[in-house]
Amino acid sequence: MSQDLKKIIRQEYLKCAKDPVHFMKKYCNIQHPQRGRILFNLYPFQEKVLHLMQDNPYSIILKSRQLGISTLTAGYSLWLMLFHKDKNVLCIATKQETARNMVTKVKFMYDNLPSWLKITAEENNKLSLRLSNGSIIKATSASSDAGRSEAVSLLLIDEAAFIDNIGEIWASSQQTLATGGGAIVLSTPYGTGNWFHKTWVSAENNENDFLPIRLPWSVHPERDQTWRNRQDELLGDPRLASQECDCDFSTSGDIVFYSEWIEFLEQSTVQNPLERRGADQNLWVWESADYSREYMISADVARGDGKDYSACHVIDIATNTQVAEYRGQLPPKEFGYFLTGLATEYNNAMLVVENANIGWATLDAIQERGYKNLYQSPKSDQLTAESYLRVYEGNAEMVPGFTMSMRTRPLCINKFREFVGDKSVVIRSKRLIEEMKVFIWKNGRPEAQSGYNDDLVMSFGIGMFLRDTSLKFQQQSLDMARAALGSVKSNKVQYSGGYSANNVQNPYNMEVNGKKENIDWLL
């Protein structure tokens with residue numbers, strides 16, 4: 001090799017070592033889905049992102065789909081490994097297969113480098129690439145101890161919003177990163193309240209070390225509004241398109257309550273409470289008791305040990321309006337005494353308490369106080385009109401409280417969703433709204449995201465379900481009783497004891513076994 005050629009190669013090598021953009025654009029090949037193997041000719045936005053990653057140890061990237069950011073990150077990892085000794089790059093994703101894709105991209109670029117840029121590979125398999133200078137990249141699936149025992153130079157977390165235990169992984173990796181390592185966290189959004197969303201929001205507020213990089217679909221120079229409109233058709237759901245293209249947290253994820261529903265409530269019905277009562281100030285009141293109205297109180301009981309909350313709502317039955325709410329950590333028995341007092345204040349409201357597990361202690365306290373208007377469930381959870389009518393006709397076996405089961409739980413949530421979607425419920429509480437935002441479908445089951453509570457949501461769902469079922473059937477039973485008594489008035493039939501309704505002015509005066517009795521209280 002001539003001296004001139006050696007000089008050119010040396011200068012080119014130094015350019016690559018100094019600038020990852022130059023290295024990638026001139027020497028990194030990628031596998032394009034349509035064009036096959038091509039040079040990675042970076043777009044201007046990709047160059048900018050690459051320099052941001054280089055200049056900032058911690059980057060969090062909120063991205064649209066198909067922007068080539070994972071490929072860009074792979075190229076940056078290879079550059080880091082080639083031009084720095086003993087760099088340990090660890091790639092974590094939801095599945096090992098997904099993490100392996102990142103390593104595969106790195107290996108493809110490495111295999112197609114010119115010989116003068118290559119460093120001998122001492123280990124080269126599906127899950128790792130180790131170079132003779134001590135640098136390595138490895139792929140692993142998400143687990144709570146991922147990265148715990150390794151001195152990681154660069155932690156790559158791909159599609160972080162979709163990793164359930166990402167908070168534990170991040171915590172376990174902190175000690176290894178604290179020695180001078182960095183992290184690149186990238187994902188499309190997947191709902192609010194998860195670790196990725198919280199970390200992104202904190203980064204935007206300068207509350208952590210991450211540099212937030214937002215990349216919606218419009219940063220790509222080859223995409224226009226026609227392309228964006230086409231995504232709605234291809235993905236079949238504008239919400240999914242907003243998630244995949246617009247970097248929109250509010251429309252992404254398997255949320256139970258759609259963002260536009262919550263936005264409507266926040267703008268139209270949510271209010272600060274008129275007063276906050278109780279020793280813990282956790283009873284929020286929007287409307288005082290009106291003795292001309294009927295109320296229901298629906299409650300969910302917690303253990304009282306700090307992990308979850310006891311919660312209840314006071315609901316105006318006629319208007320379906322939330323007029324008061326409690327969320328706190330009273331012990332179960334004290335919660336029962338509290339509910340008894342609150343129900344008495346609100347016109348002896350129908351008091352509905354979930355009877356699972358610890359709920360029995362609360363129910364015992366309510367019964368100990370002799371509260372009469374306590375909801376009771378039929379032992380069977382076959383929820384039909386006939387079963388509820390049997391309840392109010394006195395022909396069913398009953399247990400105190402509301403039984404939450406595999407059958408009733410989805411019914412409660414679906415009824416809650418229906419009322420919110422139809423805009424036929426008035427929700428006042430910000431606390432309830434915040435729980436609704438992080439209430440998601442998880443493996444087909446509606447529940448709070450990891451690290452959050454759903455006590456207010458579940459207790460409100462019980463109230464919505466009973467308002468639409470039990471109370472409706474109760475009213476139907478009362479209407480039947482009124483109709484039967486009305487026939488007494490119109491027909492003036494003969495009653496036992498020889499007393500004739502024709503002989504009195506009030507047809508509801510009955511004589512039974514020689515004693516007169518007025519029955520118009522039944523109406």
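User: What makes helix 14 and helix 16 count as being in contact?

Analyst: Contact means heavy atoms within 4.5 Å. In this predicted model, Arg409, Leu411, Cys412, Ile413, Lys415, Phe416 and Phe419 of helix 14 meet residues of helix 16, among them Val457, Met458, Phe460 and Ile462.

User: Why are helix 14 and helix 16 called roughly perpendicular?

Analyst: The axes of helix 14 (residues 408–421) and helix 16 (residues 455–468) cross at roughly 80° and come within 8 Å. Angles under 35 degrees count as roughly parallel, over 145 as roughly antiparallel, 65 to 115 as roughly perpendicular and the rest as oblique. The two helices are therefore roughly perpendicular to each other. Axes here are lines fitted to C-alpha atoms, for helices over the stretch in contact, with angles from 0 to 180 degrees between N-to-C directions.

User: On what basis is the model read, and how are residues numbered?

Analyst: The model is predicted, and local features need pLDDT of at least 70, side-chain atom pairs count only at pLDDT 80 or more, and totals for chains, interfaces and linings use all residues. Residues are numbered from 1 along each chain as its sequence is written, and side-chain values use heavy atoms, with hydrogens and water left out.

User: What does helix 16 lie across?

Analyst: Helix 16 lies across strand 13 (295–300), strand 14, strand 15 and strand 16, and runs at about 140° to strand 13. Helix 15 (residues 430–437) lies across strand 12, strand 14 (310–316) and strand 15 (321–328), at about 75° to strand 15.

User: What makes strand 11 and strand 16 edge strands?

Analyst: Two strands pair if DSSP finds at least two bridges between them. Strand 11 (275–277) and strand 16 (350–353) each pair on one side only. They belong to an open sheet of 6 strands with the order 11-12-15-14-13-16 and mixed pairing, in which the twist averages 15° from one strand to the next. Strand 11 meets the pairing criterion with strand 12 (residues 283–285) through 3 bridges in the antiparallel sense, and Glu275 has Val285 as its bridge partner.

User: How do you know that strand 19 and strand 20 pair?

Analyst: Strand 19 (residues 439–442) and strand 20 (residues 445–448) are joined by 4 bridges and run antiparallel. Lys442 has Arg445 as its bridge partner. This hairpin has 2 residues between the strands, and Asn443 takes a positive phi near 55°.

User: Why is strand 3 called largely enclosed?

Analyst: Buried means under 20% relative accessible area, exposed over 50%, and partly exposed in between (1.4 Å probe, protein chains only). In strand 3 (residues 58–63), 6 of the 6 residues are buried, so the strand is largely enclosed by the rest of the structure. Tyr58, Ile60 and Leu62 point one way, while Ser59, Ile61 and Lys63 point the other way. In a regular strand the side chains alternate between the two faces of the sheet.

User: Which strands pair with strand 3?

Analyst: Strand 3 pairs with strand 9 (residues 182–187) over 5 bridges in the parallel sense, where Ser59 stands opposite Ile184. Strand 3 is also joined by 5 bridges to strand 10 (residues 211–215), and these run parallel; Leu62 stands opposite Arg214.

User: How many helices and strands does the chain have?

Analyst: The chain has 17 helices and 22 strands. Helices (H or I, at least four residues) and strands (E, at least two) are DSSP runs, numbered from the N terminus.
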